[in-house]
Amino acid sequence: MKKIMRFSIPLFAVCLSLLTPLVVMAQDTSSSIRGKIIDSGGGAVANAVVVVEDSRTGVQRQYNTNDAGTFLATNLPVGGPYTVTVNNVKSVLVDYISLGDTYNLTVNMQSESAIEEVIVVGQAAVLVNVAPGPAATFSQYDMETAVSYNRDITDVYGIDPRLNVDNQDDGFALNCGGQHPRFNSITLDGVSYNDRFGLNDNGYSTATGMP
């Protein structure tokens, strides 16, 4: 009896050492894709041919869906991307699968031609300066082609017959329809050029001339 016990312990250690690699190899080192194939009405597509291709290596694996329209692709290398093709008609890209993860995928077999396409066309709004009285808007073309000796913006204002630019003695103040210049609202590229207090002889918002 003592002799049998003496050889049983080493034998158990040897068996344990042989089983250890098997336990290590049993650890999950792959991933899976669980897919469901449906038609345009949401019903399951049974017996569909599903091809899962590893885009990195080009290796393909073929599966068939069951009566519930599902398939399970196991033992897939971690990563991606994977291309899932159903009935050689529709393909879906799976970018990445994590280690030990089961990627859930739903493929709708509705044909692309049956999908309604909606095209939205937008157009930039044309903004026009408005005022509670006579008003005028001058474009970039108007300013570039206006006859001007000193490139002063008042030369452009004078195009509109309702606007009056005083002479040099009066300081080139601008009035609209005979109204005092301080009641004008003048903007250039959205920046105000108004002489709000009527203190400047040049009709601008600054005393030193055109800003």
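Strands E5 (residues 82-86) and E6 (residues 90-94) run antiparallel and are joined by five bridges. Strands here are DSSP runs of E at least two residues long, numbered from the N terminus, and two of them count as a pair if DSSP finds at least two bridges between them. The model is a predicted one, with pLDDT of at least 70 needed for local features and 80 or more for side-chain atom pairs, while totals for chains, interfaces and linings use all residues. Residue numbers start from 1 along each chain as its sequence is written, and side-chain values rest on heavy atoms, with hydrogens and water left out.

Between E5 and E6 the hairpin has three residues, and Asn87 takes a positive phi there, near 55°. On the E5 side sits Thr85, which stands opposite Ser91 in E6. The side chains of Thr85 and Ser91 also make a polar contact at 3.0 Å; that term covers a pair of N or O atoms within 3.5 Å, where, within protein, one must be able to donate a hydrogen and the other to accept it, and residues adjacent in sequence count only if both atoms are side-chain atoms. Thr85 comes out as buried, at 17% relative accessible area (buried is under 20%, exposed over 50% and partly exposed in between, using a 1.4 Å probe and protein chains only). Setting aside neighbours within four places in sequence, Thr85 is in contact (heavy atoms within 4.5 Å) with Val49, Val50 and Val51, and also with Lys90 and Ser91.

Then there is the open sheet, built from three strands in the order E4-E1-E7 with mixed pairing. Strand E4 (70-76) and strand E7 (102-108) are the edges, each with a single partner strand, so one side of each has no neighbour in the sheet. From one strand to the next, the twist averages 20°, based on lines fitted to C-alpha atoms, with angles from 0 to 180 degrees between N-to-C directions. Strand E1 (residues 31-38) pairs with E7 in the parallel sense, over seven bridges. In E7, Val107 is the residue opposite Ile37.

Further along comes strand E9 (residues 174-176), which holds Leu174. Leu174 is buried as well, with a relative accessible area of 7%. Not counting residues up to four places away in sequence, Leu174 touches Tyr157, Leu163, Asn164 and Val165, along with Pro181, Asn184 and Ile186. Gly158 is 16 residues from Leu174 in sequence, and their C-alpha atoms are 9.1 Å apart in space.

Terms used. Helix = DSSP H or I, 4+ residues; strand = E, 2+ residues; numbered from the N terminus.
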